[in-house]
Amino acid sequence: MASIETISKRLSWLPKPVARYFEKKMKNVGSVQQMIQKESDKVEATLEHTLKPYRGRYDSYPTIPKQGIDREKILADMQQMHDDEIGTWEGGYVSGGIYNGNKDHIDFLNKVYALQSQSNPLHTDIFPSATKFEAEIVSMVAGMMNSANTPDGAQVCGAVSSGGTESILLAMKSYRDRAYEQGITAPEMILCDTAHTAFDKASHYFGIKQVRIPMRADYGIDVEAARRAINRNTIVMVGSAPTFPHGIIDDIPALSEIARQAGIGFHTDSCLGGFITPFAEKLGYKVPVIDFRLPGVTSMSVDTHKYGYAAKGTSVVLFRSPELRHYMYYTATEWPGGLYMSPTIAGSRPGALSAACWAAMLSMGEEGYLKATKAILDTADWIRSELKSIPELEIMGDPLWIFAIKSRDESLNIYEVLDQMGKKRWSLNGLHKPSCFHIALTLRHTQPGVKERFIFDLKESVAYVKANPGNKEGLAPVYGLAATLPFRGVVTDILKKYLDVVYKV
Ligand SMILES: Cc1ncc(COP(=O)(O)O)c(C=O)c1O
């Protein structure tokens with residue numbers, strides 16, 4: 001937590017009229033400084049309570065136990081934690097997170113994991129099975145993204161990574177390294193405000209300047225603004241299919257064509273939608289083309305561990321050509337440890353996760369994915385139409401199955417509604433800029449009674465907040481604060497504090 005001195009220092013940088021404005025605005029808590037301290041204290045106090053519910057309930061192990069603990073006890077404790085945690089997600093109260101969650105599916109993946117728990121794809125000689133699984137995962141995902149239907153006969157290829165963020169990091173690193181070779185020393189990427197923060201991480205890690213384009217009123221990227229942002233340092237443009245916050249599919253055909261004409265890369269981030277949009281298209285939903293059928297799309301990220309229904313820990317990054325993929329690879333020829341090469345960021349990797357991903361895709365098959373997508377989109381259609389019966393709320397833009405919900409009028413604080421939903425066990429995502437929350441529908445929400453419960457609870461929550469506005473409890477004041485604080489450094493400090501608490505025993 002930033003000390004009060006640090007906060008004061010930050011405040012002192014503010015131009016006086018701005019500081020005075022905020023002081024006046026917050027006069028009910030004395031001053032901006034006091035308000036920040038008060039909220040920071042509140043956040044800190046609730047963090048430990050929220051993040052460490054098992055303190056006192058289970059033995060704690062800050063050091064390696066002198067003698068090994070009995071396996072039965074270890075398993076019994078773990079079973080208890082599992083039983084405590086499953087209730088929230090199994091019953092369909094969670095936005096995204098657990099995308100399949102059916103017991104028979106999980107049992108099957110666990111069997112596969114048990115068979116392959118020792119596998120490490122780094123050791124291609126010991127585990128040729130891992131090599132087979134990963135090559136086929138990439139090929140299947142490339143096929144799903146129309147690698148066989150490119151106008152230029154492109155040799156689409158890729159790699160298995162640990163998740164969407166790593167796939168994005170790898171793609172951005174590849175563009176950067178190619179740009180360095182071309183003599184571009186200050187590379188830039190163009191993307192919408194709404195593009196996933198993994199691109200921000202890539203910018204941070206790899207020194208690529210981000211040119212963020214503000215979203216339009218329909219929450220998609222402003223294509224003309226993206227065109228205007230291109231300069232001689234631009235190496236890649238990004239489109240989301242769909243965006244995490246609002247579930248909106250950017251105009252990928254227009255953007256990728258602009259990128260192609262400018263001779264720069266174009267990345268479709270399909271981490272969230274990669275296993276929905278191809279099947280939605282087959283089911284007859286109106287979905288724009290987002291994949292390698294477009295000549296300008298040069299890379300994609302597609303998460304197997306979301307709607308691909310693999311266990312957590314895999315994603316696929318695809319490239320339009322083997323030449324581009326080469327910029328992702330790492331090789332070392334002079335190390336005393338031997339000749340070394342690895343395709344992605346990690347060295348040793350959990351082969352069991354690739355095995356489980358491969359097995360999940362085989363067992364689902366196209367038919368299984370079509371059925372799952374239909375169930376999710378049917379649920380989405382029902383929820384979209386039922387939400388119309390709550391006049392205080394509004395879906396943002398025109399999404400397919402991820403609904404960002406805001407309040408139609410400022411008198412209803414949407415974060416207080418979110419808090420009320422939390423009290424009814426719902427774990428939805430609070431978003432900001434603008435204030436809203438979202439629900440990403442998964443197979444958990446297609447279970448009988450879940451969608452009805454969502455609408456029922458939402459109606460009750462809205463009614464409660466209307467009758468009891470201005471609740472100071474819960475997370476609503478924190479969301480409000482995080483959204484409106486001009487001193488982003490303070491918010492950063494709170495986020496870092498959060499991570500510190502995560503690692504406290
Ligand atoms: C659009 C989009 N891109 C990237 C990611 C990052 O994926 P991961 O959390 O697997 O790193 C997400 C995660 O939700 C996403 O929605």
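Buried means under 20% relative accessible area, exposed means over 50%, and partly exposed is what falls in between, with a 1.4 Å probe and protein chains only. The structure here is a predicted model, in which local features need pLDDT of at least 70, side-chain atom pairs count only at pLDDT 80 or more, and totals for chains, interfaces and linings use all residues. Residues are numbered from 1 along each chain as its sequence is written, and side-chain values use heavy atoms, with hydrogens and water left out.

**Exercise 1. Work out what span helix α6 should have, and which of its residues are buried.**

Step 1. Helices (H or I, at least four residues) and strands (E, at least two) are DSSP runs, numbered from the N terminus. The expected span of a helix is 1.5 Å times one less than its number of residues. Helix α6 (residues 128-144) has 17 residues and should span 24 Å; its end C-alpha atoms are 24 Å apart, so the two agree.

Step 2. The buried residues of α6 are Ala130, Phe133, Glu134, Ile137, Val138, Val141, Ala142 and Met144. Down the axis of α6, these buried residues fall within an arc of 165° (taken from the directions from the helix axis to the C-beta atoms), so they line one face of the helix. As a reminder, an α-helix has 3.6 residues a turn, so residues three or four places apart point the same way.

Step 3. Now look at the cover, where contact means heavy atoms within 4.5 Å. Among the elements covering the buried residues of α6 are α5 (103-116), β1 (157-161) and α13 (351-387).

Step 4. Continue into the loop between α6 and β1, where Asn146 lies. Asn146 has a phi near 65°, a positive value in a residue other than glycine. Asn146 counts as buried because its relative accessibility is 14%.

**Exercise 2. Find where the buried residues of helix α8 sit around its axis.**

Step 1. In α8 (residues 198-206), Ala198, Phe199, Ala202, Ser203 and Phe206 are buried. They cover an arc of only 150° around the axis, so they are on the same side of α8.

Step 2. The cover of these buried residues includes α7 (164-181), β2 (188-192) and β5 (265-270). Just after α8, Gly207 takes a positive phi of about 65°.

**Exercise 3. Locate the salt bridge of Glu394, and decide whether its two residues are buried, partly exposed or exposed.**

Step 1. A salt bridge is a side-chain nitrogen of Lys or Arg within 4 Å of a carboxyl oxygen of Asp or Glu. Glu394 pairs with Arg408, with the closest N and O atoms 3.7 Å apart. Glu394 is in strand β10 (residues 393-395) and Arg408 in the loop between β11 (402-407) and α14 (414-423), so the pair ties together parts 14 residues apart in sequence.

Step 2. Glu394, with a relative accessible area of 26%, is partly exposed, whereas Arg408 counts as exposed at 52% relative accessibility.
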